[in-house]
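Here is a brisk tour of one model. Start with the coordinates, then read on for the ligand shell, the helices and the strands.

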Amino acid sequence: MSYSEPVPNRSSSNMSSSSRSNATPILHAQGLGKQVVSGDRPLTILRDLALSIAAGESVAILGASGAGKSTLLGLLAGLDTPTAGELSMFGHSLGKLDEDGRAQLRAGRVGFVFQNFQLLPTLTALENVLLPLELSPTVEAESRGREWLERVGLGERLDHLPKQLSGGEQQRVALARAFVTSPSLVFADEPTGNLDPATGKRVIDLLFDLNHESGTTLVLVTHDHALAGRCQRCLQLDDGRLAPLDLDEVKA
Ligand SMILES: Nc1ncnc2c1ncn2[C@@H]1O[C@H](COP(=O)(O)OP(=O)(O)OP(=O)(O)O)[C@@H](O)[C@H]1O
Ligand SMILES: [Mg+2]
């Protein structure tokens, strides 16, 4: 199956589930399962999980601590492999690709913000942001990195090492690193988890500006209702499966 890059579609914010189902999904999971061995016992984290996300959608995944949200995000991004089921990204079956193949599929078009940031400790903020551009260097790479650090409010922190940055600043470096390649698909695990409300709002605005202007698909794990409330769809992960979640009912 071939996949064409998403065309920004401003009517998408009102996209009904029926019109969504007509679009080629950018991500599709069926019967997805993840089991690990914990001690000497098998532990089922995800079971028979189904999910389809169309290009340009914004989807929030909520759930209790330990429900398996980070595990799911890692699987959807092809960073980890499922123990059951099928998964495709950009129309390519991830099960048919090895680790290098999955990395090639992601290169330049998938951004990932880890819950624990995963910045390289010996590299400066700017060097960390430039890492994803190494595979496809451009003459503007450095200025793009600077530009993104400025957009997340860290223009004055370019040469700081991660240990010289606060948790929220490290989180924003991780966001800049995820955006620097202008990806069409961004996964972010608690992207506002370490930010104060004002900085969190700035990051949320940035995410949705990208979603609106460039059609960037957003798959966000979050406990933050300000963030989840801006997404087109909210899903709750419970007992290893996803179910639609109505945020208004949660608040009521
Ligand atoms: N490799 C592993 N071996 C054993 N247990 C694991 C492994 N990976 C994850 N788990 C367990 O699976 C469960 C889900 O973990 P995960 O990190 O996905 O949860 P989460 O929903 O992201 O939680 P939080 O909101 O606290 O970040 C946890 O109970 C965790 O201890
Ligand atoms: Mg987590």
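A residue is buried if 20 or more other C-beta atoms lie within 10 Å of its own, exposed if 12 or fewer, and partly exposed in between, with C-beta atoms placed from the backbone. Helices (H or I, at least four residues) and strands (E, at least two) are DSSP runs, numbered from the N terminus. This is a predicted model, where local features need pLDDT of at least 70, side-chain atom pairs count only at pLDDT 80 or more, and totals for chains, interfaces and linings use all residues. Residues are numbered from 1 along each chain as its sequence is written, while chains are lettered from A and ligands numbered from 1 in the order in which they are written.

**A buried strand and its partners**

Five of the five residues of E7 are buried, so this strand is largely enclosed by the rest of the structure. Leu185, Phe187 and Asp189 point one way from E7. Val186 and Ala188 point the other way. Two strands pair if DSSP finds at least two bridges between them.

| Strands | Sense | Bridges |
|---|---|---|
| E6 and E7 | parallel | four bridges |
| E7 and E8 (residues 217-221) | parallel | five bridges |
| E1 and E4 (residues 84-89) | antiparallel | five bridges |

Val110 has Leu185 in E7 as its bridge partner. Asp189 has Val221 in E8.

**Helix H6**

H6 covers residues 167-179. In H6, 11 of the 13 residues are buried, so the helix is largely enclosed by the rest of the structure. Among them are Glu169, Arg172, Arg177 and Phe179. Which elements do the buried residues of H6 pack against? They pack against strand E6 (110-113), helix H4 (125-130), helix H5 (141-151), strand E7 (185-189) and helix H7 (197-214). Contact here puts C-beta atoms, placed from the backbone, within 7 Å.

Asp196 sits in the loop between E7 and H7. Asp196 is exposed, with 10 other C-beta atoms within 10 Å. The C-alpha atoms of Asp196 and Gly168 are 8.1 Å apart, although 28 residues separate the two along the chain.

A residue is near a molecule if its C-beta atom, placed from the backbone, lies within 6 Å of it. Ligand 1 has 13 residues around it, and Ser65, Gly66, Lys69, Ser70 and Thr71 come nearest. The shell divides into four nonpolar, eight polar and one charged. Nonpolar means Ala, Val, Leu, Ile, Met, Phe, Trp, Tyr, Cys and Pro; charged means Asp, Glu, Lys and Arg; the others, Gly among them, count as polar. Strand E1 (25-38), strand E2 (41-54) and helix H2 (69-76) each supply at least two shell residues. H2 gives the most, with three residues.

Lys69, Leu72, Leu73, Leu75 and Leu76 are buried in H2. They cover an arc of only 160° around the axis, which puts them on the same side of H2. The arc is that of the directions from the helix axis to the C-beta atoms. After H2 comes Gly78, with a positive phi near 75°.

**The four-stranded sheet**

An open sheet of four strands runs E2-E1-E4-E5, with antiparallel pairing. Its edge strands are E2 and strand E5 (92-93), each pairing on one side only. Ala29 stands opposite Leu87 in E4.

Conventions
Contact = placed C-beta atoms within 7 Å.
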